[in-house]
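Me: I have just opened this one and would like a walk through it. Can we take it step by step?

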Amino acid sequence: MDNRPDGVRIDQGIEYDRNGRRSAYWLFPDHPGGTVTVFGRRFESVRIPADRVAHLFERQRVQSRGVPWGTPAMRHIRDLDDWQHAELVRKKTEACLVGIVFGAEEADQGIAPSVEDAEGHRIEQFEPGLIAYARNGKDIKFNQPSSTGGLGEWLRGQQHLISAGFRVPYALMTGDMSQANFSSTRAGLNEFRRMIEQIQWQTVIPMFCERIWGWFIEYAQDAGLLPRGVEIFAEWGPTRFESVNPLQDAQADLLEVRSGFATIPQQIARRGYDPEELLKEAADFNAKMDELGLVYDADPRKVTKAGLVQTADPNAAPSREPATE
């Protein structure tokens with residue numbers, strides 16, 4: 001940390017002004033851990049103004065640079081990797097030693113075949129199908145590898161801890177659907193997607209996408225492609241999630257529109273499309289169908305929801321004449 005007399009403070013490569021606002025970033029021109037020797041590397045950081053940097057990170061408490069998602073699960077990943085390696089070595093060792101022969105000659109005792117080093121010392125080793133010879137015996141005994149109980153449960157428990165550390169559902173991380181059903185999977189996906197939407201709208205879009213859009217507009221104005229002094233906004237539409245039950249979700253969207261809780265453009269935007277472009281495309285396609293004399297079952301202008309022909313033009317104004325008895 002570097003505190004200057006004028007109130008400027010540099011902490012973890014981030015420069016703050018006297019009011020606590022980010023004014024610049026101190027970055028290395030080359031990666032300090034790089035091993036490529038073709039180009040010379042500079043190990044002196046360079047000051048980059050804050051408006052030239054898109055610093056994307058998830059704000060937690062008073063952190064300046066954020067914490068990687070997998071930080072809480074790193075220890076569990078290491079432990080799981082060490083356990084898998086040790087278990088694999090144990091299985092290989094059990095598979096290598098087949099049996100032990102008792103009563104062999106002195107020259108044949110030990111683990112066969114034997115390997116000696118430069119000083120004549122025997123180096124013991126294991127190989128698949130190996131038979132060991134022991135001293136003073138008249139019998140042979142075969143090795144019986146032992147089974148490890150509860151292996152699947154322990155492995156699943158460790159993977160649950162890792163998935164929780166990454167904030168990802170267990171089924172999505174491992175692909176193991178044996179412990180889930182439709183209801184639990186859908187409930188887990190709803191919570192996970194709600195978190196992803198929060199990160200999209202509160203972290204990625206304001207801290208990265210809008211900064212990139214601002215640079216794009218600035219460069220277009222410098223090139224004379226856009227007028228200066230005009231603020232141009234962008235409408236963001238993240239890619240929609242695949243539906244677990246498309247029929248129920250479509251019915252729910254329809255009820256929201258009919259109840260007034262949402263509009264058709266909102267439902268279209270939720271699916272990642274531009275409402276104006278989609279409606280214009282639908283109008284052009286309907287005009288083309290009328291020109292060719294085609295009627296599809298999905299055309300609500302001429303076919304009802306049950307697939308029957310409309311008895312009246314849905315575009316016609318409703319009659320206001322009083323009913324006759």
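Predicted model: local features only at pLDDT ≥ 70, side-chain atom pairs only at ≥ 80, totals over all residues.

Me: Which side chain does the side chain of R186 make a polar contact with?

Reply: That partner is D249, whose side chain makes a polar contact with the side chain of R186 at 2.8 Å.

Me: And where is R186 found?

Reply: R186 is found in helix 4, which covers residues 182-222.

Me: What happens at I205 in helix 4?

Reply: Helix 4 bends by about 60 degrees at I205, and a proline, P206, follows within four residues.

Me: What about the ends, say, which residue caps the N-terminal end of helix 4?

Reply: N181 does that, with a side-chain oxygen that lies 3.3 Å from the backbone nitrogen of S183. Just after helix 4, on the other hand, comes G224, which takes a positive phi of about 80 degrees.

Me: Changing topic, how many helices and strands does the protein have?

Reply: The protein has 7 helices and 11 strands. As an example of the strands, strand 3 (residues 14-16) and strand 4 (residues 22-27) pair in the antiparallel sense over 3 bridges, and Y16 stands opposite R22 in strand 4.

Me: How many residues are between strand 3 and strand 4?

Reply: There are 5 residues between them in a hairpin, and G20 in its turn has a positive phi of about 85 degrees.

Me: In what sense do strand 4 and strand 5 pair?

Reply: Strand 4 pairs with strand 5 (residues 46-49) in the antiparallel sense, over 4 bridges, and in this pairing L27 stands opposite V46 in strand 5.

Me: Which residues are in the largest nonpolar core?

Reply: The largest nonpolar core has 5 residues, namely I14, Y16, Y25, A50 and V53. In soluble globular proteins, nonpolar side chains tend to be buried together.

Me: What is V53 in contact with?

Reply: Leaving aside its neighbours within four places in sequence, V53 is in contact with Y25, I48, R211 and W215.

Me: And what share of the residues count as buried?

Reply: Of the 325 residues of the protein, 18% count as buried. The protein exposes about 24500 Å², and carbon and sulfur atoms supply 56% of that area.

Me: Last one, what share of the contacts between residues at least 6 apart in sequence join residues at least 24 apart?

Reply: For the protein that share is 50%, counted among contacts between residues at least 6 apart in sequence.

Conventions: Residues numbered from 1 in each chain as written. Heavy atoms only, no water. Core = buried A, V, L, I, M, F, W, Y, C linked by side-chain atoms within 4.5 Å. Buried < 20%, exposed > 50% of the residue type's maximum accessible area, 1.4 Å probe, protein only. Contact = heavy atoms within 4.5 Å. Helix = DSSP H or I, 4+ residues; strand = E, 2+ residues; numbered from the N terminus. Areas by Shrake-Rupley, 256 points an atom, 1.4 Å probe, with all protein chains shown as cover. Polar contact = N/O pair within 3.5 Å; in protein donor to acceptor, adjacent residues only side chain to side chain. Bend = angle between axes of the 7 residues up to and from the residue. Pairing = 2+ DSSP bridges.
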